[in-house]
Amino acid sequence: MVHRDELGYELISALNHNPDDEGLVHRLVDRQLTDDPECEFLTGVYRMEPGMKHPLHLHADSAEFYYVLSGTALFTVADEQFEAGPGTAMYIPANVGHAIETSSADSMELLYSFSTPDLRGIGTRWL
């Protein structure tokens with residue numbers, strides 16, 4: 001068991017090696033944190049401050065789920081763009097391009113989950 005207040009935020013760019021990717025993550029559950037080789041998914045909290053971007057990309061080997069906890073942001077999923085706020089849930093299948101951008105006035109925080117337990121196994125490709 002872990003409480004997110006016990007974990008420090010990590011720069012998302014340090015996890016995915018893309019200096020253009022902005023924001024902070026709390027990894028809550030994954031194979032590394034649980035030290036369980038049979039852990040089946042990866043879940044965390046992603047925070048973006050005003051004016052940040054999570055550039056267009058896809059995950060070749062994993063579906064992803066978003067649930068907006070606070071704030072609003074502009075989301076791109078496939079060919080659709082929409083603003084979403086608290087209570088919005090999104091399922092993003094593998095191989096579907098997606099991006100997030102916060103306005104200059106809004107921060108945003110969301111819960112994310114991958115169907116793969118390790119970031120090295122999601123197959124991220126920047127578009």
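This briefing describes a sheet, a set of salt bridges and a pocket in one protein structure. The structure is a predicted model, in which local features need pLDDT of at least 70 and side-chain atom pairs count only at pLDDT 80 or more, while totals for chains, interfaces and linings use all residues. Residues are numbered from 1 along each chain as its sequence is written, and side-chain values use heavy atoms, with hydrogens and water left out.

**The sheet**

- Five strands form an open sheet in the order β7-β6-β9-β4-β11, with antiparallel pairing; strands here are DSSP runs (E, at least two residues), helices are runs of H or I with at least four residues, and both are numbered from the N terminus.
- The edge strands of this sheet are β7 (80-84) and β11 (124-126), each of which pairs on one side only, where two strands count as a pair if DSSP finds at least two bridges between them.
- Neighbouring strands of the sheet are turned by 25 degrees against each other on average, direction ignored; the axes are lines fitted to C-alpha atoms, for helices over the stretch in contact, and angles run from 0 to 180 degrees between N-to-C directions.
- Strand β4 (residues 53-59) is joined to strand β9 (residues 98-101) by three bridges, and the two run antiparallel; His-57 has His-98 in β9 as its bridge partner.
- Strand β6 (residues 73-77) also runs antiparallel to β9, to which four bridges join it, and the bridge partner of Phe-75 in β9 is Ile-100.

**Salt bridges**

- The count comes to four salt bridges, each defined as a side-chain nitrogen of Lys or Arg within 4 Å of a carboxyl oxygen of Asp or Glu.
- Glu-10 forms a salt bridge with Arg-27, with 2.8 Å between the closest N and O atoms, and this pair links distant parts of the chain, since Glu-10 lies in strand β1 (residues 10-11) and Arg-27 in strand β2 (residues 24-29), 17 residues apart.
- Glu-10 is partly exposed, with a relative accessible area of 26%, whereas Arg-27 is buried at 12%; buried means under 20% relative accessible area, exposed over 50%, and partly exposed in between (1.4 Å probe, protein chains only).
- Glu-10, Arg-27 and Asp-30 are linked in a network of salt bridges.
- Asp-118 forms a salt bridge with Arg-120, the closest N and O atoms being 2.6 Å apart; Asp-118 is partly exposed, with a relative accessible area of 21%, while Arg-120 is exposed, at 76%.

**The largest pocket**

- The largest pocket has a volume of about 470 Å³, a volume being the space filled by probe spheres set on grid points that are joined across faces, edges and corners.
- Of the 25 residues that line this pocket, the closest to its centre are Leu-15, Asn-16, Phe-114, Leu-119 and Ile-122; on a 1 Å grid over the protein atoms alone, a pocket is an open set of points where a 1.4 Å probe fits, with protein on both sides within 12 Å along at least five of seven lines, and lining residues have an atom within 4 Å of a point.
- Elements that give two or more residues to the lining include α1 (12-16), α2 (31-34), β4 and β11.
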